[in-house]
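Dear colleague,

Please find below the structure that I am handing over to you. My notes on it follow directly after.

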Amino acid sequence: MFRYVLTIYIYLFFIDLYITSHLNTHTHTHTHIYIYFISKGIPIFIVMGSFSHNQKQTLFILLLATLITLAVGQGTRLGFYRTSCPRVETIVQSAVQTAIRNNAAIAPGLLRMFFHDCFVNGCDASILIDGSSSEKTAGPNSLLRGFEVIDAAKTQLEAACPGVVSCADILALAARDSVVQTGGTGWPVPLGRRDGLVSRAADTANLPAFNDPINVQIRKFSDKGLNTQDLVALSGAHTIGTAACALFSYRLYNYNNTNGPDPTIDAAFLPTLRGLCPNGGDGSRRVDLDTGSVGRFDNSYYANLRNRRGVLESDAALWNDPTTQRFVQRFLGVRGLLGLTFNVEFGRSMIKMGNIEVKTGTQGQIRRVCTAVN
């Protein structure tokens, strides 16, 4: 029990530092965090201070990060590099910011890369390893972009703190920074992951796919310790994503061998999609997954699902199945349901996902370059 209490107080110390540097920079707010324990040592946090709406969201995510990391952290923690590489977050943030400024498509690329890394043997940067049969070469990863951003950040970190920061942690930070750069709310990233030693294309077979039905999506997420709300929240990353016509054009012309379109697509939206992806046209052409909100990290993705304008079949299924539809409705603030704040819940789910099967302590290694094991 004492160790548990001590751990929480250490986390609160780093939360206080984060509040001081991020929330109170332009205010005179005085913040006090009180902690109480109820049955079985479960902590309750009471925060005293005045905050704006955005600051409240950020603080809520901070406290969630503490609780989630204590529950599933497996060795990751806030402030991991505080003494060994204090500029790690600044360096990664700068690399991501520069890259997205030059190419906006980098943001969804880095977010998707982290997702694909965590779902294959855990968040261990195995997706970054080069090789003729590595994860990079697998079909689901063939169109990933942003590898050069991770390499650039790693080069700078090796110059500043040689052999200290893992590629897995760089990728976790880059995913968060991609959201922030596109207008989303950030979250504190627990660090301390180590890099994996194995990368096999064959291991990507169970990645969530563009045409998975809801029961398969739920099972794949459950296998990684993520629940149905996490599935719907993390799918919201598609608010800044695009997809190649080849991944959904079958829905437009010959759905399930009917020689017609998927009947769940909004009839007024179908001509738009057909115009972007003509039958027999360029399958590599990219189409926005969140129509009308390209490049903005917001909850309009869920409004498009409700309006039957989901582009991928797996996205459309979130509205078409009642199991997931209720979470979409809650993100939209439908009257009569307990609302969910997208930015808050997305950050919470990203923290959970970022702790899938992580390697810590003496497991794995700290790669000198991210594209190859030492």
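Leaving aside neighbours within four places in sequence, M353 is in contact with F114, F115, C118, F119, C123, L226 and L234; contact means heavy atoms within 4.5 Å. Please note that this is a predicted model, in which local features need pLDDT of at least 70 and side-chain atom pairs count only at pLDDT 80 or more, while totals for chains, interfaces and linings use all residues. Residues are numbered from 1 along each chain as its sequence is written, and side-chain values use heavy atoms, with hydrogens and water left out.

M353 and F346 have the most contacts inside the largest nonpolar core, which has 72 residues. A nonpolar core is a set of buried Ala, Val, Leu, Ile, Met, Phe, Trp, Tyr and Cys residues joined through side-chain atoms within 4.5 Å. Buried means under 20% relative accessible area, exposed over 50%, and partly exposed in between (1.4 Å probe, protein chains only). Helix α6 (residues 167-181) gives the most to this core, namely nine residues. Another core, of 14 residues, lies apart from it and includes L252, Y253, C277 and L312.

L312 is also one of the contacts of H238, together with L289, D290, Y301 and D315, again leaving aside neighbours within four places in sequence. An unreviewed UniProt entry places the feature "binding site" at H238; UniProt positions are given in the numbering used here, feature names are shortened, and annotations may be inferred rather than shown by experiment. H238 is partly exposed, because its relative accessible area is 24%.

Buried residues make up 52% of the 374 residues in the protein.

With kind regards

Conventions: Helix = DSSP H or I, 4+ residues; strand = E, 2+ residues; numbered from the N terminus.
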